[in-house]
Amino acid sequence: MTRECAALLPGVCAALADPRQPGLDDTCLEKLLDWFRSLTWFDPTVELVQDNPCLTELLTSVLALPDPSPSILSFTLQLAGILASSESRFQHLQQEKLLGRLFGREGPRGSAAWEDASVRSAWVKGVHSMVHHQPALHFLCSTGGMDVLFALQGDPSLFVASAASQLLVHMLTFSLESETAKALSTKDCEWPACAQLIVKHIEESLQSSSASHIEQSLKLLSSLFGSCFGSCYAAWTEVLWLDIAKQIESFLLEETVQAQPLLANLLLNVARSPVFCGTEGSFWALVTSALEHLTPVQAGPLAVGLLKLCKCPQDVRIQALTVLLQPMDCILRAASQPLECAGLLDESVSDPVTVESLLSSKTSCAGLLCQTLAHLEKLLSLKHLRVDLPCVSLLRSLMTILQFCNGFLSPASPLGSTISRNLINCFRVQKSALDVLAALSEKKDCDTLIGSLFDVLLAYLQSPNTSPTVLKKTFQATSKWLVHLQELSCSNSQWQQTEKILEDVFVVLQKRLCSPCWEVRDSSLEFLTAMVKCLRDQKEFRQCLLSSEVLRLTENLLEDPESYVRASAVTAVGHLAFVTCFAPESAVMGNQYNKESTVAKLQEILSTDSEGFPRRAVISIFTKWLREGCTGQLEDTEQFVSRVITTVEHDLDWEVRLGGLELVEVFCSQTICQLSQCPYAPVSSAVTSSSPQNELLQVFCRAKLFGFLFQSLCDCDKPVGQRACDVLIGLRGHFYPMSTLENPQEIEDSPAGRGIAWLQRTLRQGSLAQNFPTDGGDGVDFRDPETMMLALGAIDLLELHDELNKSSDHVEESPQSLLQDILATVGTIEDNEVDCY
């Protein structure tokens, strides 16, 4: 603690304990606690409380108040716990007889203040901070604190109940740390005293007739096995599991027990423990039983969790997959009667009637399918899945669900008719099914159904009943499957099928680009951009694109009244330019889509559009063109960059200015590569006489780079200044080896010296520098190569970099400032007007 803070602290403590003072903002108190946490973390010695007796005086004063406010009492409990986190300070507070009056029986536990949830929460937090040494653990056990924690597990405040459960987990784990490293067997493990209390409480609660007690203990066990306990204390984990396994098994078999939904999470956390990695033992039999007896909704999370485990036995893994596939199998079998194709499963884990009844119910059908589809999407995203998914049947089932949802399938079976009625126009299920459909595009064995699949997708794209959000998902799935189709046609020469599908897609796209709904127009443009990104090099795609009305319609949308659509149109036009303007064959297309026209349209948007989104899109596209070498020869690129900079440097949107700096950075690196033999190589000390370096500087000056970069250093938005500084440091690293930086003293007498000195002073003002001149004001010519060379070598860019990277509140958030704010606040009877943030 600094001397300044030590001098302010007594006043703060006195004010906090004074009931006549107005209440402090909770944020102020929390920041004060954070400061004490950092102090005690780095210094466990007793000197903190001995050298600052005002801290114990604060605790004593608050305890002496007849009716302390809940906020001050909560603060005091948490502060005491933080101070008592080291054994030496704990003993000191014990000698002062403070801890018993705060956390013991004579504390707020029995007072009216205990009715306030914030006080109960603070008591738990204070104890949690304190219990990091054995004396604190013994203190809590001996003063009845364990019974309080057991009761708080069922607290009406979920925050208090959760904190109490977390504290019990911490205490059980911590109590075991005191055990010696002797080899422990499952027969001779004896729980330490505190752990024994917790384990006994768990066992008694599980055997009680109270549903709430059973639920609390199951939650506590889940947290316990899910913490480091299950990983680091193998022998204890096995002992605890053997004590409760029979009771858990009975819960699975008793359908009346309301705690069944918690069992899946508990079993999954236990399964993650190294103790149960092997295939032997009764644990996996219990897991198998759970997969059979839990409802499909309860068993789903357990099944998907088991499939992610590395060391789950294969038979259990197959059973878990079967649980997830049962609803999909039921859908497939219900779609036709008699069954025209094989289902997903040869046999079920649980009674198929259960799944059928859930899918037959209007209230449960969509929920079960959405959960199942979400789990399947997770599995498809895994790189290494240790079971084989029946992808073809799964795809067929997904197509059936989508056809049920839009009413395009009339099933013959009664069950299918019921499910179809439940799913008609169900957006939730449609979106989930389309997500899984998109994920399946990565699989290579679904090719036989690709024609039928695109029939389903096109039906959704064409239907006026498809909602905008579902349409967006359909576009995303379609673009992924188009890529898969293109790969397939390249290998199998199925050009005709590909061409027909692409033609149908473009017909639909033309219609959707004219939709009166802006979300549909926006999604259509995003879909077009995604297709161009993936398929622009494919001949069939280019032919379908150029023979459609899509190009004209997309250009029309550059003037759309909705700014999001204009931004998406800019991005689409920018990517379409790779086909219409920059491709070798684009020269024979005539002048309708020439490069100059496209650039002019986008530059007009950059300089005139009233919204930021389209302008950001333009600068992003320009940077992409530049990065891919589409802006022509160096002279053309130089003029292009200069025009963009002139427009961007005065843009009111900081993200547009930041995009301009990214463009400049790309231009610099490309120009250096073109004009230097070795990119980014340091040059010799005789740089000013080196022709390539002079040429580089001249190019950068003609493109007006330096004025934009130095002005950006003073930008009021910090990310802009930081990026500009990074670019300038990169340029200096190219033009100057570290040993040859200019000496500011030596250039003062040069013609540009006074200007550079002014520039250094101006840059130190940062965003306070108003009306930064980039036209040669104050003797700085930003277009003069020699002046800019001197500026790069003389200005302390590293100092500026450090300043720009400092947190804006590095002064205001200091502990000293916080204490001063508190004193200023409590010194007035008005409302809190101090900015403690």
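A: **The chain and its salt bridges**

Of the 837 residues in the chain, 53% count as buried (under 20% relative accessible area; exposed is over 50% and partly exposed lies in between, with a 1.4 Å probe and protein chains only). Please keep in mind that this is a predicted model, in which local features need pLDDT of at least 70 and side-chain atom pairs count only at pLDDT 80 or more, while totals for chains, interfaces and linings use all residues. Residues are numbered from 1 along each chain as its sequence is written, and side-chain values use heavy atoms, leaving out hydrogens and water.

The chain holds 43 helices and zero strands (DSSP runs numbered from the N terminus, with H or I over at least four residues for helices and E over at least two for strands). Among contacts with a separation of 6 or more, 72% join residues 24 or more positions apart (a contact being heavy atoms within 4.5 Å). The accessible surface comes to about 37,900 Å², and carbon and sulfur atoms own 50% of that surface (Shrake-Rupley method with a 1.4 Å probe; for residues, only the protein chains shown count as cover).

Now to your question. Side chains of opposite charge can pair when their charged atoms come close. The count here is 23 salt bridges (a side-chain nitrogen of Lys or Arg within 4 Å of a carboxyl oxygen of Asp or Glu). Let me walk you through some of them.

Take D155 and R120, whose closest N and O atoms are 2.7 Å apart in their salt bridge. Because D155 sits in the loop between α10 (145-152) and α11 (158-177) while R120 belongs to helix α8 (residues 117-130), this pair ties together parts 35 residues apart in sequence. Buried or exposed, where do the two partners fall? Both D155 and R120 are buried.

Next comes K601 with E555, a salt bridge in which the closest N and O atoms are 2.4 Å apart. K601 is in helix α32 (residues 595-608) and E555 in helix α30 (residues 550-556), so parts 46 residues apart in sequence are tied together by the pair. K601 is partly exposed, at a relative accessible area of 31%.

A further salt bridge links R627 to E662, with 3.4 Å between the closest N and O atoms. Since R627 lies in helix α33 (residues 612-627) and E662 in helix α35 (residues 654-675), the two tie together parts that are 35 residues apart in sequence. R627 counts as partly exposed at 47% relative accessibility, and E662 counts as partly exposed too, at 28%. Elsewhere, salt bridges with shared partners join E30, D34 and R37 into one network.

Some charged residues belong to a patch instead. E596, E635, D636 and E695 form a negative surface patch (patches use residues with over 30% relative accessible area and no salt bridge, joining like charges within 9 Å, or nonpolar side chains, namely Val, Leu, Ile, Met, Phe, Trp and Tyr, within 5 Å). Lys and Arg count as positive and Asp and Glu as negative, with His and the chain ends not counted; each charge is placed at NZ of Lys, CZ of Arg, CG of Asp or CD of Glu.

Most residues other than glycine have a negative phi, and most peptide bonds are trans. K704, in the loop between α36 and α37 (705-713), has a positive phi of about 65° although it is not a glycine. K704 is partly exposed at 28% relative accessible area. N425 also has a positive phi, of about 60°, without being a glycine; its place is the loop between α23 (414-423) and α24 (427-440).

S74 in helix α5 (residues 70-83) touches S118, V119 and A122, not counting residues up to four places away in sequence. With 6% relative accessibility, S74 counts as buried. L99, in helix α7 (residues 99-103), is buried as well, at 1%, and its contacts beyond four places in sequence include F90, M130 and F139.
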